[in-house]
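This report walks through side-chain pairings and some backbone details of one model. Please have the sequence and the structure open.

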Amino acid sequence: MFLILSSALAQVSGGAAPAANGQLFRPTIDGTHTLWADDSGRAPDGWFGARGLIQYVRNPVVWTAADGDVTRLVGDLFQLDAMAGYTKGPVRIGFDVPVYLRSVGDAGGESGLGDVALDVKATALDRSESPVGLGFGGRITLPTATVVDAPLGNRGFAWELQGIVDHETGPVLVAANVGVRGVPREALENFDWGTQLVARLGGGYEVTPESGVSLDFGATINLLDVAAKSTPVEGILGGWYRMDDLVVRGGVGAGLTSGFGSPQVRALLSFGYEPPRVVDTDGDGIVDKKDECPADPEDLDGFRDEDGCPEPTMVTILVQDAKGPVDDAEFTLSGPVDRTGRAGQAIPLTSDTYTITVTAPKHVPLEAQVLNVPDGELHKAVFKLDIAIVPAELTVKVTDPAGNAVPGATWSVRNDERGPFEAGTMQAFQPGTYQIRASADGYHPKGVQTVLEDGGKPTLELVLTPARVQVQKEKIDIRESIYFETGKAIIKPESFGLLDEVAQAILDHPELVRIRIEGHTDSRGSASANLDLSKKRAKSVLDYLVGKGVEAGRLESEGYGESKPIEAGENEDAWSKNRRVDFFVAERSDAN
């Protein structure tokens, strides 16, 4: 947000900026669920953690004069905070070393050290043992800032005292801080900057035990002048993710009011070495105070996982046939324990090896199978039964439009992943609906859906039409001509379909690394004009294929005019054959 005040900033044009720190946000050193607000949580005795936070701040201090002129005292700020904390009993001692990587304003840009802070927090009431947590905090800031062209450091020592109260309910933690900050007094043109009331409110929600989201609000009320223009309020939305001892945090926020230090945008990212604070002896993710079996890890199998004690693995027996689940199937288990049940039923079993048999009406019984039950997880075991009926016998014939058998034709079942089979052969299938597909080199494939009845012996005949485009080792053969407007490189619409097939063939064959498109004309007209026309026609074909999705890098074009005839003579038949476009494979990835 913009600072709307006429401050005594003649220094902007001829001296140092006011000795007031416009960076009001200070990250929490050891907060677990928030980025700004401190919580009263107490880490184990001897706990040490460290964080490095990088942030970008946009327009935290902007001066708007009475005539509307705007001066960005701090326009863009890139800052690194190096923080660490150590816990001894109920007291945590920490420090925060801010480094201004770059501060840019209308007076120029500079880098330097900020005001180093010593931070102490004491826990009076542990929220894990009482309805609310209660703590107290103190901070001393040293006048170590080395920047002079931006208001990012105090003239002398500064201090802060605060009270901390928080409450935790399930995955939600809410913390509030209220305190007083003393800073060296700085007289600005229309208000005095001095002792302040600070308030922070933050909350975090654990999405998972390793991650969560947070929301923080902070306000600074200048007790020497409580006018709205000097009361910055800011909000930050963030989140965190833990990977063992490493915690990554990030957030983005903005000033909610206009005021000294209220930014237009703030974005931050931190990486922290933060060993877990809770005691979890058996490492099952349930802290000892909530773990009924603290020395015995929970098996997390979806059955009574909240008590921290391992339970037998819950095993679900699923039975399927070719049509899907067989809900009326029954099974018998033998091994460490003997059990019977129905398909879909979950039963508790100890980790071991069992023997299982499965039966179901109208199905072939399943002979004894081995069932291995793992430890500590929810387990599903799937067994398949064959339907006790006579299979259908399907024969597929493949012909051309004239009714002749297509040489080398095959057929397959797409939804059953069976095949390919030689055309004319018979295969057995369980009754059901199948997608049959026939194919052969030089022909368009064809598919059809068919329903096979119990014990049926149907014969399907699929008619394949010859393809106009065929990919060969050294060229792409087209069985029709590509037509252009007379004397022009404009492709006639009647050839669009043929070129669409050429494009699809190239896309279907990624091994064709580079294809050369050659244009040729008949002998009528001047040789130079024919050469130019053939080049343009080859280029028109290239552009068309690119428009259909073929990568331009896979194509090249050239024209040869009338220099490479394939039919001698000066007649319409020769002219028609010599007017052509050829596609040659210039490079392929599967070449020997």
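Does D119 count as buried or exposed? At 6% relative accessibility, D119 counts as buried. Buried means under 20% relative accessible area, exposed over 50%, and partly exposed in between, with a 1.4 Å probe and protein chains only.

This is a predicted model, in which local features need pLDDT of at least 70, side-chain atom pairs count only at pLDDT 80 or more, and totals for chains, interfaces and linings use all residues. Residues are numbered from 1 along each chain as its sequence is written, and side-chain values use heavy atoms, leaving out hydrogens and water.

**Salt bridges**

Side chains of opposite charge can pair when their charged atoms come close. A salt bridge here is a side-chain nitrogen of Lys or Arg within 4 Å of a carboxyl oxygen of Asp or Glu. The whole structure holds 39 salt bridges.

D119 takes part in one with R92. Their closest N and O atoms are 2.9 Å apart. R92 lies in strand 3 (residues 91-105) and D119 in strand 5 (residues 117-125), so the pair ties together parts 27 residues apart in sequence. Helices (H or I, at least four residues) and strands (E, at least two) are DSSP runs, numbered from the N terminus. R92 is buried too, at 2% relative accessibility. Both residues belong to a network of salt bridges that links D30, R92, D96, D119, K121 and R139.

R181 and E160 also meet in a salt bridge. This pair joins strand 8 (residues 172-182), which holds R181, to strand 7 (residues 158-169), which holds E160; the two are 21 residues apart. R181 is buried at 11% relative accessible area, and E160 is buried at 6%.

A further salt bridge joins K457 and E393. K457 sits in the loop between strand 31 (446-452) and strand 32 (459-463), and E393 in strand 26 (residues 392-399), so parts 64 residues apart in sequence are tied together. K457 is exposed at 63% relative accessibility. E393 is partly exposed at 28%.

| Salt bridge | N to O distance |
|---|---|
| R92 and D119 | 2.9 Å |
| R181 and E160 | 3.3 Å |
| K457 and E393 | 3.9 Å |

D216 lies in strand 12 (residues 211-222). D216 is buried yet has no salt bridge. The nearest side chain of opposite charge, R200, is 7.5 Å away; Lys and Arg count as positive and Asp and Glu as negative, while His and the chain ends are not counted. What lies 3.0 Å from a polar atom of the D216 side chain? The backbone nitrogen of L35 does. The backbone nitrogen of A37 also lies 3.0 Å from a polar atom of that side chain. Leaving aside neighbours within four places in sequence, D216 is in contact (heavy atoms within 4.5 Å) with residues including W36, L201 and E234.

**Aromatic rings**

A pair of aromatic rings is described by the distance of the centres and the angle of the planes. Rings of Phe, Tyr and Trp (its six-membered ring) pair if their centres lie within 6.5 Å; planes under 30 degrees apart count as stacked, over 60 as edge-to-face and the rest as tilted. The count comes to 7 aromatic pairs. In one of them, the centres of W193 and F260 are 4.8 Å apart and the planes are at 55°, so the pair is tilted. W193 is in strand 10 (residues 192-193), and F260 is in the loop between strand 14 (246-255) and strand 15 (265-273), 67 residues apart. Both W193 and F260 are buried.

F429 and Y434 form a pair with centres 5.2 Å apart and planes at 55°, so this pair is tilted. F429 is buried at 2% relative accessible area, and Y434 is buried at 9%. Ring pairs link W411, F421, F429 and Y434 into a cluster.

**Backbone details**

The peptide bond from G419 to P420 is cis, with omega near 5°. P420 belongs to strand 28 (residues 418-422).

N59 is not a glycine, yet has a positive phi of about 55°. N59 lies in strand 1 (residues 48-64) and is buried at 3% relative accessible area. K362, also not a glycine, has a positive phi of about 65°. K362 is exposed, at 71% relative accessibility.

Conventions:
A polar contact is a pair of N or O atoms within 3.5 Å; within protein, one must be able to donate a hydrogen and the other to accept it, and residues adjacent in sequence count only if both atoms are side-chain atoms.
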